[in-house]
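This report covers the fold, the confidence and a few residues of one protein chain. The sequence and structure come first.

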Amino acid sequence: MPAKFLRPCAQPGCPALSTTTRCPLHQAQHVQAENARKGSASARGYGAGWKRTRYAYWQAHGQRDADGRLVVYCVACAEEGVQREATVLDHIQPIHQAPELRLDWDNLRPLCNSCNVKAGRAARQIER
Ligand SMILES: [Zn+2]
Ligand SMILES: [Zn+2]
């Protein structure tokens, strides 16, 4: 293995030499900028508002099971008389059709995995 050699900091104009890509100061700034970028990327998708909505919805609709776990039941299975734990919070009107209803509780329904897959397939079939 060759010995590590000093090289200039990747930040233009920074005179610091270091064994890493950036000097410690600019490395810290780089990490901060990366985190900010990731933060805005998540805001473009579901984002923090969605996480809060999902959490509040789960708290409001959940029931504690024998182990004290918060369980929400699948509404589609419930219609069939089956009690199955929901794993996803589904948008009744998909986000791409009704983005303004993204955080609207009336547009949300808890589904189990298999009902979520079924709902996804059905939605795609209608679109064709
Ligand atoms: Zn630097
Ligand atoms: Zn289900």
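## Order of elements and confidence

Read from the N terminus, the chain's elements follow the order β-β-α-α-β-β-α-β-β-α. That gives four helices and six strands, where helices (H or I, at least four residues) and strands (E, at least two) are DSSP runs numbered from the N terminus.

The model is predicted: local features need pLDDT of at least 70, side-chain atom pairs count only at pLDDT 80 or more, and totals for chains, interfaces and linings use all residues. Residues are numbered from 1 along each chain as its sequence is written, while chains are lettered from A and ligands numbered from 1 in the order in which they are written.

The predictor's confidence in each residue, pLDDT, runs from 0 to 100. Its mean over the chain is 86, and 84% of the residues reach 70 or more. Confidence is highest in helix α3 (residues 75-79), at a mean of 97, and lowest in helix α4 (residues 113-127), at 77.

## Burial and the nonpolar core

A residue is called buried if 20 or more other C-beta atoms lie within 10 Å of its own, exposed if 12 or fewer, and partly exposed in between, with C-beta atoms placed from the backbone. By that rule, 8% of the 128 residues in the chain are buried.

A nonpolar core is a set of buried Ala, Val, Leu, Ile, Met, Phe, Trp, Tyr and Cys residues joined through C-beta atoms within 7 Å. The largest one here has seven residues: Val-72, Cys-74, Ala-76, Ala-86, Leu-111, Cys-112 and Cys-115. In soluble globular proteins, nonpolar side chains tend to be buried together.

Contact means that the C-beta atoms of two residues, placed from the backbone, lie within 7 Å. Leaving out residues up to four places away in sequence, Cys-74 touches Arg-84, Ala-86, Pro-110, Leu-111, Cys-112 and Cys-115. Across the chain, 38% of the contacts with a separation of 6 or more are between residues 24 or more positions apart.

## Strands β5 and β6

His-91 lies in strand β5 (residues 88-91), and Arg-109 in strand β6 (residues 108-111). His-91 counts as buried because it has 20 C-beta neighbours inside 10 Å. Arg-109 is also buried, because 20 other C-beta atoms lie within 10 Å.

Beyond four places in sequence, His-91 is in contact with Arg-102, Asn-107 and Leu-108. With the same exclusion, Arg-109 contacts Val-75, Asp-90 and Ile-92.

| Pair | Apart in sequence | C-alpha to C-alpha |
|---|---|---|
| Arg-109 and His-91 | 18 residues | 6.5 Å |
| His-91 and Leu-111 | 20 residues | 9.9 Å |
| Thr-87 and Leu-111 | 24 residues | 6.2 Å |

## Two residues that are not buried

Thr-87 sits in the loop between α3 and β5. It is partly exposed, because 14 other C-beta atoms lie within 10 Å. Apart from neighbours up to four places away in sequence, Thr-87 touches Cys-112 and Asn-113.

Arg-64 belongs to strand β3 (residues 63-64). Is Arg-64 buried or exposed? Arg-64 is exposed, because it has 9 other C-beta atoms within 10 Å. Its contacts outside four places in sequence are Arg-69 and Leu-70.
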